[in-house]
Amino acid sequence: MSAIAKNHDYHMVEPSPWPFVMSVGILIFAIGAISWMHHWTPWIFFIGLAVVLYTMYAWWSDVVKEANNGVDHTPVVQMHHRYGMMLFIASEVMLFVAFFWAYFDGFFRFDDVEQYARVAATGGHWPPQGIELFDAFHLPLFNTLILLTSGTTVTWAHHALLEGDRKGLRWGLVLTVALGLLFTCVQVIEYSEAAFSFGGNMYGATFFMATGLHGFHVAVGTIFLIVCLLRAERGDFTPQRHLGFEFAAWYWHFVDVVWLFLFASIYVWGSWGVAINH
C-alpha cells in the first residue's frame, strides 16, 4: 500500500473518455459546418454540436465533482489552475489583438497603393464609401454602461462570497446575468439596424468579426455565471474554496475591458476618423 499511496500534492487525473469523445464531436461539427456552407444537409452540424455540448457538460461535471470532494484540488493544484486560466485569457487577448490589427490596418492604410486592390476596395476612404456608421453615443454607449455596471455587480457577488453573505452572492450573480442578457439583446437590436453588412467591404468584415466575437464571449461568460449561480444555490462555494466563481469573475472582467477598447477605438475613434479621412 505504501508503494501506491499518494505522497504529493498533485492531482493525477483518472482515465476519462471525454478527450476522445470531444475530438470526435469537433470533427463531426467541422464536417457538418463545411457541408452546411456548401448547401448540403445541416443535420451533421447539429449532431456534432450536440456531441460537443454534451461532452462539455459531462467533462465539467467531473471537474466539479473533483473540486467538491475536498481531496483532489489541493492548494498546489488550485495554483496551477489559476496559471492555466491566466494563460487562457492571455490567448484570448491575442485573438482580439488580431481583429484590432485588421481594423487599424484598414483605418490607417485605407489608401495604401502597395496593397493589391486596397484603394479599389475602400474608394480611398475609411470607412469605405457608402458606409453609414453607428452613433457611438446611442446604443453602443448604453451597452458600455451595462457592462461597466455588470462588472460592479460581479465584484459585489465576489466580496459577498468572501464575507459569507449568501444573499449578496445570489443577488450579485442574478444582476450580473441579467445585465449580460440585456447586453446581448441590445447588440442584436444594434445589428438589426446596421446600415452595412458583413460581406462586400473591409469595414463590415472587421466590425462584425470584432464586435461579434466579443458578443460571443459575453454569451459564454453569461452561461459561465449562470452555472456559478446554480452552484452557489447548491452550496458548492465557500469563502475558502470558490475557484470556479473566481474564474468566471476574471473572465467577465476581461470581457468588460475588451468592450471598452472596442467602444473607444471602433465606435468613438472610428467615427472621428470619418471627418479626418473625408
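## Spans and helices

Residues 83-104 are 100% helix and 0% strand, and the end C-alpha atoms of this span lie 31 Å apart. Residues 136-157 are 86% helix and 0% strand, with end C-alpha atoms 30 Å apart. Helices here (H or I, at least four residues) and strands (E, at least two) are DSSP runs, numbered from the N terminus.

This is a predicted model: local features need pLDDT of at least 70, side-chain atom pairs count only at pLDDT 80 or more, and totals for chains, interfaces and linings use all residues. Residues are numbered from 1 along each chain as its sequence is written, and side-chain values use heavy atoms, with hydrogens and water left out.

An unreviewed UniProt entry carries the annotation "transmembrane region" for residues 20-37, 43-60, 83-104, 136-157, 169-189, 209-230 and 250-270. UniProt annotations may be inferred rather than shown by experiment.

## The nonpolar core

The largest nonpolar core has 51 residues. Such a core is a set of buried Ala, Val, Leu, Ile, Met, Phe, Trp, Tyr and Cys residues joined through side-chain atoms within 4.5 Å. The residues with the most contacts inside this core are L169, L173, Y203, F207 and F245. Helices α3, α5 (139-162), α6 (166-192), α7 (202-234) and α8 each supply at least two of its residues. Helix α8 gives the most, with 16 residues.

L173 touches A157, L225, C228, L229, A232 and F245, residues up to four places away in sequence not being counted. Contact means heavy atoms within 4.5 Å. H214 lies in helix α7. Setting aside neighbours within four places in sequence, H214 is in contact with F96, L147, F183, V255, V258, W259 and L262.

Which side chains are buried and which are exposed? The cut-offs are under 20% relative accessible area for buried, over 50% for exposed, and in between for partly exposed (1.4 Å probe, protein chains only).

| Residue | Relative accessible area | Class |
|---|---|---|
| H214 | 0% | buried |
| C228 | 2% | buried |
| C185 | 47% | partly exposed |
| W269 | 34% | partly exposed |
| R234 | 57% | exposed |

The structure holds zero disulfides (pairs of cysteine sulfur atoms within 2.5 Å).

## Aromatic pairs

The structure holds 29 aromatic pairs. Rings of Phe, Tyr and Trp (its six-membered ring) pair if their centres lie within 6.5 Å; planes under 30 degrees apart count as stacked, over 60 as edge-to-face and the rest as tilted. Y103 and F104 form an edge-to-face pair, 5.6 Å centre to centre with 75° between the planes. Y103 is buried at 0% relative accessible area, whereas F104 is partly exposed at 21%.

F104 also pairs with W269: the ring centres are 5.4 Å apart and the planes are at 50°, so this pair is tilted. F104 lies in helix α3 (residues 75-108) and W269 in helix α8 (residues 243-277), so the pair ties together parts 165 residues apart in sequence.

## Salt bridges

How many salt bridges does the structure hold? There are four, each a side-chain nitrogen of Lys or Arg within 4 Å of a carboxyl oxygen of Asp or Glu. E246 bridges to R82, with the closest N and O atoms 3.1 Å apart. E246 lies in helix α8 and R82 in helix α3, so this pair ties together parts 164 residues apart in sequence. E246 is buried at 11%; R82 is partly exposed at 26%.

R231, R234 and D236 are linked in a network of salt bridges. D236 meets R231 at 3.1 Å, N to O, and R234 at 2.6 Å between the closest N and O atoms. D236 and R231 are buried.
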